[in-house]
Amino acid sequence: MTTRSQELDEIEASIWSELEKCVATRPRSEPGEDANEPPHEWRVAVLATVDEGQADARSLVLREVDAAERRLIFYTDARSPKVRQIEQSPQGTLIFYSRELGWQLRMQVRLNVETDGLAVSSRWAKLQTQAGARDYLSVAAPGRPLDAPLADLGVRGHFAMIEAMAETVDWLELHPRGHRRAVLGGRSSHWVQP
Ligand SMILES: Cc1cc2nc3c(=O)[nH]c(=O)nc-3n(C[C@H](O)[C@H](O)[C@H](O)COP(=O)(O)O)c2cc1C
């Protein structure tokens, strides 16, 4: 018979297996997507950060998952406001929702931005031959007013990666026969009222 704590371990393993599965599908925003193979609903996550005491959030494509390390990787422009926010306050929350699974994840994460070094250059080497590279080559930084003068801006790539280390995962399952919810995080995993 499966005990309740074994069940929690199984749910946690299924979450990480779904996350790994979802990076194998193309994000909805990428051209060339095969219409017969819809992307996993977790491929685009919402990352919430803190901006000087004010909440901020945005959609990001999940690029890599390391289940053993409980680590998720996103790509971004090093000049984007979220990078400054993460440098000032590395705590964040990731939200994933899948209608198909009926699962919501609220993942508390510790964030880190890498703008240089081997991890960044090896990923950029692969990405720069693809259409997605143009997202990091714009002369103007994300969020810059379009009528502002451009004279002071450089033209090099501004590719950066955001690492998110999962601390706890608040898992909610919506089910017609009763919702279930658990907070998962190693030995402190427990069931909570949905
Ligand atoms: C479906 C979708 C996917 C996105 N993926 C990314 C992404 O992978 N990286 C990224 O930096 N911005 C991505 N964006 C844009 C961000 O949501 C956001 O508008 C931009 O990064 C600026 O955010 P910031 O001002 O908080 O830095 C995506 C937007 C959408 C709608």
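Begin by selecting S189, which touches L8, E12, V183 and L184, residues up to four places away in sequence being left out; touching, or contact, means heavy atoms within 4.5 Å. The model on the screen is predicted: local features need pLDDT of at least 70, side-chain atom pairs count only at pLDDT 80 or more, and totals for chains, interfaces and linings use all residues. Residues are numbered from 1 along each chain as its sequence is written, and side-chain values use heavy atoms, with hydrogens and water left out.

**First stop: S189**

S189 is placed in the loop between strand 7 (180–184) and strand 8 (190–192). Helices (H or I, at least four residues) and strands (E, at least two) are DSSP runs, numbered from the N terminus. Is S189 buried or exposed? S189 is buried, because its relative accessible area is 18% and buried means under 20%, exposed over 50% and partly exposed in between (1.4 Å probe, protein chains only). Now display G185: its backbone nitrogen lies 3.0 Å from a polar atom of the S189 side chain.

**Second stop: the ligand**

Select the ligand and the residues around it: V44, R58, S59, L60, V61, Y75, T76, S80, P81 and K82. Each has a heavy atom within 4 Å of the ligand. Strand 2, strand 3 and helix 2 each supply at least two residues of this shell, and strand 2 gives the most, with four.

- A polar backbone atom of V61 is 3.1 Å from an oxygen atom of the ligand.
- A polar backbone atom of Y75 is 2.8 Å from a nitrogen atom of the ligand.
- A backbone N or O atom of P81 is 3.3 Å from an oxygen atom of the ligand.

Taken alone, the ligand exposes 620 Å², of which the protein buries 63%; these areas come from the Shrake-Rupley method with a 1.4 Å probe.

Select residues 81–88, which form helix 2, and colour K82, V83, Q85 and I86, which are buried. These residues lie on the same side of helix 2, because they cover an arc of only 160 degrees around the axis, taken from the directions from the helix axis to the C-beta atoms. Their cover includes strand 1 (44–51), strand 3 (71–77) and strand 5 (103–114).

**Last stop: the nonpolar core**

Which members of the largest nonpolar core touch the most other members? Of its 32 residues, they are I15, L19, L72, L94, F96 and M107. Such a core is a set of buried Ala, Val, Leu, Ile, Met, Phe, Trp, Tyr and Cys residues joined through side-chain atoms within 4.5 Å. A second, separate core of nine residues includes W124 and M161.

Terms used:
A polar contact is a pair of N or O atoms within 3.5 Å; within protein, one must be able to donate a hydrogen and the other to accept it, and residues adjacent in sequence count only if both atoms are side-chain atoms.
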